[in-house]
Amino acid sequence: MKQGMGGARRAVFTPVDNRARVEAVVRRLGDAIELGLLADGEQLPGESELAGQLGVSTVTLREALMALRQQGLVITRRGRGGGSFVSLPELPGTERLQARLAGWSTEELRDLGDHWAAVSGAAARLAAQRTEPEDLLQLRRTLDELAHADDAAARSRMYGRFHVELAAAAQSARLTREQVGLQTEIGALLCLVLAQDAYREEVAERHRSVISAVQDGASDSARELAERCVQESTARLIALRLALPGTASGPRPLEGTHEEQLRPRRHGDSRRDP
Amino acid sequence: MRSSSGPVGTATLDATPETGVAAGVRCVLEAVFDAVAQTRADATALLSRVTAGGRRPVSADLAALRPGLHLRLARCPLVSGAGFVARPGLLDDVPAWLEWWQSDSAGEVQPLLLDLDPQRSAYSDYTHWEWFALPRDTGERTVAGPYVDYLCSDEYSLTLSAPVTVAGRFAGVAAADVYLRHFEAAVLPLLQRLPGPAYLVNARGRVTASTDPGHLAGSLAKEPRPAASLARRRPVSEAGRRLVPCDGLPLVLVVAEP
């Protein structure tokens, strides 16, 4: 939940723009649900309590809950035992992710990408100076899993894990924490671009070249390659964002997003004995 | 790994300042290994008892380890996390499990609750981490790190671990986390006794603690390689440096050749 704080605080200090506050609340609660911080079926606190905790008016909160209901992330039951409940749809719909993407302005996405490039670039440079074969084993294993992951969500998890492991290979707890935080913001969105097999392969290729540069101790080129990798992904997200309805460029058909594999047994598989 | 005596060991215990410091470092970490050994004994006894009762252990059985874990977290100031990590498939009710407890910044003991569902978490498989894989593969106790522990604490850490076996079969590891800043606080006074800059490296050359501004903790000392000194378990000279192993631990003290 910590990650949403920036957006919420920004919203609190822009009192004329109620829209921004609603979007900040939608994004924060949406992220928390997407990440499993709020569990499927969990009851949210009452409206006035939740509004108080988030530092927004009940009117703003109601608008946000309405938007979350439209995204299918919250259901509201009336009467005794009623209230708002987290509802994680079985299918991680592309539309739901697009609605999340629409909650970001292109400027915010650009800034998120700048932050991400700064963290990953610095991590790659330091990792090249401080690496040993053991660090590369984990990065290679993640690269391999990315290359074989079928659905967009698994690809996104491996993409994120690569950059977290890169920061850990830099021997920096601060950069690692920063990268983990960045991934909680961008991880779900990356599903939208990683659904395309061609782009998954491109990312895998870029990660491979980062590993090679780190292995060679080529710190400047490791930094540049890592920066370019995340800048390219951010650029794709911004292009998708611009293609969404309600923006100056108007609605355009999205490429590739229909390929996203749906995961019908999302909750069922995990308790199998390995 | 525990052979501190024997012909080689005693021969090297001539009282140079470096061997004294290496022994001091060893003493610091042996206190943590004592805590690991207690967890290991508790886990072994518990799992053997359950198995002897004719059933497979379940995650709830491991709650019996908690009083001991909490005691060790309270008593051993270097230990910030402690627990038993089950081999996947050991427990009947869950695919994988960490019975893991940590001291938070306020000194409160908290359980670590990880999402081990591979459908949701990228970090559900912990079996490749050195603190798990090395004791499993070697049967020996291990010092893993320093490394950024993004699984449990988000801290730059050392993890000391030992294998737990039940009826001859690997069941998991008993382990304890030492944050590197705490380790540094414990060993820096020892290193500062030496007349010149000195640093400790792990078996792969990663600097673990240092009074040498040119070799800070976390950096990689490409030369000299610590392997020869660790294998021979006695001081060696290489590349103008003297390497003194901390007997019984995969750590080597490096000082400039006098």
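In what pattern do the elements of chain A follow one another along the sequence? Chain A reads α-α-α-α-β-β-α-α-α-α-α-α-α, where helices (H or I, at least four residues) and strands (E, at least two) are DSSP runs, numbered from the N terminus. This is a predicted model, in which local features need pLDDT of at least 70 and side-chain atom pairs count only at pLDDT 80 or more, whereas totals for chains, interfaces and linings use all residues. Residues are numbered from 1 along each chain as its sequence is written, while chains are lettered from A and ligands numbered from 1 in the order in which they are written.

**Chain A**

- The secondary structure of chain A amounts to 11 helices and two strands.
- Of its 274 residues, 43% count as buried (20 or more other C-beta atoms within 10 Å of the residue's own; exposed means 12 or fewer, partly exposed in between; C-beta atoms are placed from the backbone).
- Contacts (C-beta atoms, placed from the backbone, within 7 Å) between residues at least 6 apart in the sequence of chain A join residues at least 24 apart in 71% of cases.

**Contact between the chains**

- Chain A gives 25 residues to the contact and chain B gives 22 residues.
- On the side of chain B that touches chain A, the elements giving two or more residues are strand E4 (142-149) and strand E5 (155-166) of chain B.
- That side of chain B has nine nonpolar, six polar and seven charged residues (Ala, Val, Leu, Ile, Met, Phe, Trp, Tyr, Cys and Pro count as nonpolar; Asp, Glu, Lys and Arg as charged; the others, Gly among them, as polar).

**Strand E1 of chain B**

- Strand E1 (residues 81-86) of chain B is largely enclosed by the rest of the structure, because six of its six residues are buried.
- In a regular strand the side chains alternate between the two faces of the sheet.
- On one side of E1(B), Gly81(B), Gly83(B) and Val85(B) are buried, as are Ala82(B), Phe84(B) and Ala86(B) on the other.
- E1(B) pairs (at least two DSSP bridges between two strands) with strand E2 (residues 98-103) of chain B in the antiparallel sense, over five bridges.
- Within that pairing, Glu99(B) in E2(B) is the bridge partner of Phe84(B).
- E1(B) also runs antiparallel to strand E6 (residues 169-179) of chain B, joined by six bridges, and Ala176(B) in E6(B) stands opposite Ala82(B).

- Strand E7 (residues 198-202) and strand E8 (residues 207-210) of chain B run antiparallel and are joined by three bridges.
- Val207(B) in E8(B) is the bridge partner of Val201(B).
- Four residues lie between E7(B) and E8(B) in this hairpin, and Gly205(B) in the turn has a positive phi of about 95 degrees.

Methods
Two residues are in contact if their C-beta atoms, placed from the backbone, lie within 7 Å.
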